[in-house]
Amino acid sequence: MNCESKKYRRIVVKIGSNVLTREDGRPDTTRISALVDQLARLHRAGTEFILVSSGAVASGRSLLETRVGRIDTVSARQLFSAVGQVKLLNRYYDLFNEYGIACGQVLTTKESLSTRRQYLNQRNCMEAMLAAGVVPIVNENDTISVTELMFTDNDELSGLVAAMMGAEALVILSNIDGIYDGSPSDPASQVIRRVAPGRDLSQYIDTARSSRGRGGMTTKSRISSRAAGEGIEVVIANGRRDNILTDLILTDRDVVCTRFEAAPRPASGVKKWIASSEGFAKGALHLDAGAAAAVSQSKAASILAVGVTAVEGDFERDDIVRILSPEGAPLGVGRISCDSATARRNLGRKGLKPLIHCDYLYLE
């Protein structure tokens, strides 16, 4: 990002646990304060931003870890989050209030994004907050989320929020400068500065997870690639560097970071919702080779019954289903126009309306 980033109307900033905590796992209040100082400058400069903040569980753990006995992992996470979310939001509230900026909490779950109505309700809530000059501070509701319903981590949540809110850019702050072309600990390794749409970085990704959060660079790369494909510029940068946000957004300084270039044609709002609902797919359509080639080569191709070889699962009309290649590889997701019984009955038939219209099809 350079000085042209001043033109951004709206961005999403995700701050990871490794940025907000010290080595001992306790909240780093000095770092949190410094980041709020920078966010306040963006606010004064007229940039709307949504903050996706980790750190609730760490905040709660710092208060309660010595008070609780033997407790299972899920219960501990719920307990620490319930207490820590209050502590973290109070910290943000006090810091933003020093600049005369109001902030509000938005807690969400993966399941609450699974229907179009709930998706729009969350979007409308945050639009109202932004219109009133209130900063939305978003986090997963860990008090009710359990393993199978959790986001991979807040990187995934930030990508969904950026798509949902029509952000021009997503800034993911971690504790390293970006994605390296080798081990970050190797002095010969360098940060990959620019990533063109569609470029595969898997050979460079360290699969180790973060020491504080649930995710790692694998998730960051995957989410960044998807968001960039939806027309959102993504930057992975070091949140522990002084003035990192203002340098990225408000100046023309050459900041060391990894930038994923946005695809030239952003996805529609409906397709962004469909992409966000992939984890709630109720079934799958297996395509033959011809149909798979058609949808892969043309963004205007729909899924027709004649090109479907098998229907997997039980689903209703308007549910989200996965699209699979003849080999079973994922091609995308879409909103189905009929129930599973009808889809099976129409397998291989010509001249019928699409099972999934191209307007409701999101390809990987």
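In strand 13, which residue is the bridge partner of Val333?

Tutor: The bridge partner of Val333 in strand 13 is Tyr362. This is a predicted model, in which local features need pLDDT of at least 70 and side-chain atom pairs count only at pLDDT 80 or more, while totals for chains, interfaces and linings use all residues. Residues are numbered from 1 along each chain as its sequence is written, and side-chain values use heavy atoms, with hydrogens and water left out.

Strand 12 (residues 330-335) and strand 13 pair in the antiparallel sense, over 3 bridges. Strands (E, at least two residues) and helices (H or I, at least four) are DSSP runs numbered from the N terminus, and two strands pair if DSSP finds at least two bridges between them. The pairing belongs to an open sheet of 5 strands in the order 10-9-11-12-13, with mixed pairing. Strand 10 (308-313) and strand 13 (361-363) are the edge strands, each pairing on one side only. From one strand to the next, the twist averages 25°; such angles run from 0 to 180 degrees between N-to-C directions, with axes as lines fitted to C-alpha atoms. In the loop between strand 10 and strand 11 (320-324) lies Asp318, which has a positive phi of about 75° although it is not a glycine. Asp318 is partly exposed, with a relative accessible area of 41%; buried means under 20%, exposed over 50% and partly exposed in between, for a 1.4 Å probe and protein chains only.

Because 6 of its 6 residues are buried, strand 7 is largely enclosed by the rest of the structure. Glu233, Val235 and Ala237 point one way, and Val234, Ile236 and Asn238 the other. In general, side chains alternate between the two faces of the sheet in a regular strand. Strand 5 (residues 169-174) runs parallel to strand 7 and is joined to it by 6 bridges, with Val171 opposite Val235. Strand 8 (residues 258-260) runs antiparallel to strand 7 and is joined to it by 3 bridges; here Ile236 stands opposite Thr258.

Ser224, in helix 7 (residues 217-229), is buried, with a relative accessible area of 0%. Apart from neighbours within four places in sequence, Ser224 is in contact (heavy atoms within 4.5 Å) with Ile172, Val234, Ile236 and Phe260. Asn243 lies in the loop between strand 7 and helix 8 (244-250). Asn243 has a positive phi of about 60° although it is not a glycine, and counts as partly exposed at 40% relative accessibility.

A cavity is a set of points on a 1 Å grid over the protein atoms alone where a 1.4 Å probe fits but cannot get out, and its lining residues have an atom within 4 Å of a point. The count comes to 1 cavity of 30 Å³ or more. The largest cavity holds about 40 Å³ of space, the volume being that filled by probe spheres set on the points, which are joined across faces, edges and corners. Helix 5 (116-131) and helix 6 (154-164) are the elements that give two or more residues to the lining, and helix 6 supplies the largest share, 4 residues. Among the lining residues are Thr108, Leu113, Gln122 and Met164. By class, the lining has 7 nonpolar, 2 polar and no charged residues; Ala, Val, Leu, Ile, Met, Phe, Trp, Tyr, Cys and Pro count as nonpolar, Asp, Glu, Lys and Arg as charged, and the others, Gly among them, as polar.

Terms used
1 Å grid on protein atoms, 1.4 Å probe; cavity = no way out; pocket = protein on both sides within 12 Å on 5 of 7 lines; lining within 4 Å.
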